[in-house]
Amino acid sequence: MVLEMDVWIIVNPTLRVFLYAASFLSVGTFLFSLHFSKHLTVAQKSYCDHLAFKTALVGSVISLLMFFSVAGSLGGDIASVIEPLMLQLALESKSGVGFLTAFISFMVMSTAHRLRGHANRFGLLVSSAALLLSFTMSGHSQLGGFLSQLLLMVHLFGIAFWLGALFPFHWMCLQPDTHNLSIVAHRFGVFAMGYVSLLFSAGVGYAYLLLGDVSLMLTTQYGNVLLSKIVLVAALLSLAALNKFKLVPSLEPRWTPNVRQFQRSIQFEIAIALIILTASSLLTTSMTLPMGM
């Protein structure tokens with residue numbers, strides 16, 4: 001029994017990382033395509049649609065696995081994932097409802113990618129909003145009421161816009177024709193200034209609502225991990241600032257060395273983002289708020 005309990009200590013945070021990645025890629029890549037569609041080539045739009053569709057399918061599987069993991073965690077053993085009573089309890093729990101909402105959102109998103117015109121855009125907008133909303137249905141965001149849930153939604157929206165652009169940019173750098181790379185990168189930087197402001201302010205406000213005391217970031221394990229996450233976000237933003245003010249302007253002549261340097265910078269951002277998602281997963285699955293909050 002103890003060994004099986006230990007399995008969920010590993011499985012839950014791991015699945016959560018994959019759920020974050022699938023969510024931000026599916027929603028964020030759609031937002032990237034939506035914001036810059038006028039400047040993207042047919043091949044670039046096709047890549048974005050394909051990536052968003054595939055990650056939505058992966059997300060549907062991951063969210064369903066997470067629902068079953070709720071039943072397994074409640075029962076304390078692996079067999080509980082198919083035990084009717086545990087599944088019923090999971091269905092009645094906030095976490096279970098949240099994961100099922102994510103599953104339905106991913107499935108609607110996958111279906112919407114097969115549609116055309118206004119139905120495509122409407123379906124993707126609604127399913128993206130529902131997916132981000134699913135993260136507020138359980139966990140720490142419940143403790144601060146509507147305000148904390150709203151701040152978390154805004155924070156997640158900003159993260160999705162940011163992280164969802166990384167893979168499209170990386171793919172664009174690898175193509176023989178990069179004539180529109182500087183245009184899209186410049187416009188992304190303009191939009192990112194607003195999105196990052198929302199992301200950062202909402203994140204700080206959300207963290208303050210949960211902790212209530214800044215000193216807890218130095219004196220508790222939860223605070224230490226949160227502080228590490230903030231430092232990593234600051235590093236990510238610094239790298240992004242370097243991209244905007246130095247690397248992006250150098251893309252104008254379309255020199256290959258400059259494009260390759262921009263590509264390497266994007267790769268570093270992806271690596272840092274993965275560490276941030278891992279830290280977020282630990283905060284939401286493996287740690288409790290200080291002072292029993």
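In what order do the elements of the protein chain run from the N terminus on? They run α-α-α-α-α-α-α-α-α-α-α, in a predicted model where local features need pLDDT of at least 70, side-chain atom pairs count only at pLDDT 80 or more, and totals for chains, interfaces and linings use all residues. Residues are numbered from 1 along each chain as its sequence is written, and side-chain values use heavy atoms, with hydrogens and water left out.

**Figure 1. Overall fold of the protein chain.** The chain has eleven helices and zero strands, these being DSSP runs numbered from the N terminus (helices H or I, at least four residues; strands E, at least two). Its radius of gyration, taken over C-alpha atoms, is 20 Å, close to the 19 Å that the globule rule (2.2 Å times the number of residues to the power 0.38) gives for 293 residues, so the chain is as compact as a globular protein of that length.

**Figure 2. Packing of helix α3 against helix α4.** Helix α3 (residues 84-92) and helix α4 (residues 94-112) pack at an angle of about 80°, with their axes 4 Å apart; axes are lines fitted to C-alpha atoms over the stretch in contact, and angles run from 0 to 180 degrees between N-to-C directions. That makes α3 roughly perpendicular to α4 (65 to 115 degrees). The contact (heavy atoms within 4.5 Å) is made by A90, L91 and E92 of α3 together with K94, G96, V97 and L100 of α4.

**Figure 3. Lining of the second largest pocket.** A pocket is an open set of points on a 1 Å grid where a 1.4 Å probe fits, with protein on both sides within 12 Å along at least five of seven lines, and lining residues have an atom within 4 Å of a point. The second largest pocket is lined by 19 residues, of which S33, K45, D49, H113 and N120 lie nearest its centre. Helix α2 gives the most to this lining, with six residues.

Technical notes:
Angles under 35 degrees count as roughly parallel, over 145 as roughly antiparallel, 65 to 115 as roughly perpendicular and the rest as oblique.
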